[in-house]
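Colleague: I have a few questions about this model before I use it. Please take them one at a time.

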Amino acid sequence: MFDPALFLSALFGWPLAQGALITLALSIAVQVVSFLLGMGAASLAASRRPVPRWGMTVYVWLFRASPALLVLLFVWNGLPQMIPQLQAGWFSPFLAAFLALTLIQVAYLTEILRSAYAAIPIGQREAAAALGLHRWQIFLLVILPQAMRIALPALVNEFISLLKTTSLATVISLKELMTVTSFAIATSFRFLEWYGAALVYYLLMVSVLTVVQIRIERRLSAGYIRR
C-alpha cells in the first residue's frame with residue numbers, strides 16, 4: 001500500500017532536496033558553458049572557410065550520435081586511463097558529468113544557434129555595417145538579440161532535456177536526484193513513495209522552467225507583436 005506519511009517525509013526531507021540542488025546546479029553549469037561555447041561553435045559551423053566548418057560538422061555528428069550514457073562512462077572510466085592526472089581525487093563525479101554533458105550539449109546548441117543565425121536576413125548585417133558597426137558589434141547588437149528570440153524555445157527544450165539526462169550520472173555515483181532516490185529505495189524497498197517524490201521534484205523544476213520560458217518569449221517578442 002502507498003504510505004502518504006513516507007511520501008511526504010521523502011518529499012520534504014533533505015536528501016531529495018540536496019539531490020535536486022545538485023541536479024539543478026549541474027544542469028545550469030552545463031547549459032551556461034555550452035551556450036557560451038555554442039555561440040562560437042555555431043559561427044564556425046556557418047563559416048565560409050571549409051576547415052572550421054567541416055571540423056564543427058564532424059564534432060556535431062560525433063556527439064549527437066553518441067549515447068549520453070556512453071560518453072559519461074568514457075569520460076569517467078576512459079579518460080583517466082588516457083590522462084593519468086585525472087586519476088587524482090579532484091576529478092570528481094560532478095566534474096566528470098559536467099565535462100561529458102557539456103561535450104554533448106555543445107553539439108546540440110551549435111545546431112540550434114547556427115539555424116537561428118541563418119534565419120536572420122542578410123540585409124540586417126549589411127545595414128549594420130553601413131552604419132559603421134564593427135563585426136563584433138553587429139553580432140552582439142544586431143544578430144544575437146534576434147537569433148535569441150528565434151532560438152529560445154529550442155534552447156529551453158534542450159535545457160529541460162538536459163535536466164532529465166543528468167539522471168544518467170547515477171552510473172558514476174554522482175549524488176544527484178535519482179542516485180539519492182535509488183539509495184533510499186535500496187534501504188527501504190519503498191518504490192512508489194520515493195519515485196513519486198522524485199517525480200514531483202522533476203515536475204516542479206520543469207514547470208518553473210516552462211514559466212520562465214513563456215515570460216522571456218513574451219519579453220523578446222514584444223516588439224514583433226502586431227497591435
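Predicted model: local features only at pLDDT ≥ 70, side-chain atom pairs only at ≥ 80, totals over all residues.

Colleague: What part of the accessible surface do carbon and sulfur atoms supply?

Modeller: The protein chain has 227 residues, of which 38% count as buried. The chain exposes about 13300 Å², and the part supplied by carbon and sulfur atoms is 69%.

Colleague: Which residues form a nonpolar patch on the surface?

Modeller: Leu69, in helix α4 (residues 68-82), is one of the members. A patch residue needs over 30% relative accessible area, and Leu69 is partly exposed at 34%. Together the members have about 260 Å² of accessible area, and they are Leu69, Leu73, Leu168 and Val171.

Colleague: How far apart in sequence are the parts that Glu111 and Arg64 tie together?

Modeller: Glu111 forms a salt bridge with Arg64, with the closest N and O atoms 3.9 Å apart, and the cut-off is 4 Å. Glu111 lies in helix α5 (residues 93-119) and Arg64 in helix α3 (residues 50-65), so the parts tied together are apart in sequence by 47 residues.

Colleague: Is Glu193 buried or exposed?

Modeller: Glu193 forms a salt bridge with Arg190, the closest N and O atoms being 2.6 Å apart. Arg190 is partly exposed, with a relative accessible area of 28%. Buried means under 20%, so Glu193, at 2% relative accessibility, counts as buried.

Colleague: Which residues do salt bridges that share partners join into one network?

Modeller: By the rule used, the count comes to three salt bridges. Glu111 meets Arg114 in one of them, at 3.2 Å from N to O; being three residues apart in helix α5, the two are separated by about one helical turn. Glu111 also bridges to Arg64. The network therefore consists of Arg64, Glu111 and Arg114.

How values were computed
Residues numbered from 1 in each chain as written. Heavy atoms only, no water. Buried < 20%, exposed > 50% of the residue type's maximum accessible area, 1.4 Å probe, protein only. Areas by Shrake-Rupley, 256 points an atom, 1.4 Å probe, with all protein chains shown as cover. Patch = residues over 30% accessible without salt bridge, like charges linked within 9 Å, V, L, I, M, F, W, Y side chains within 5 Å. Salt bridge = Lys/Arg side-chain N within 4 Å of Asp/Glu carboxyl O. Helix = DSSP H or I, 4+ residues; strand = E, 2+ residues; numbered from the N terminus.
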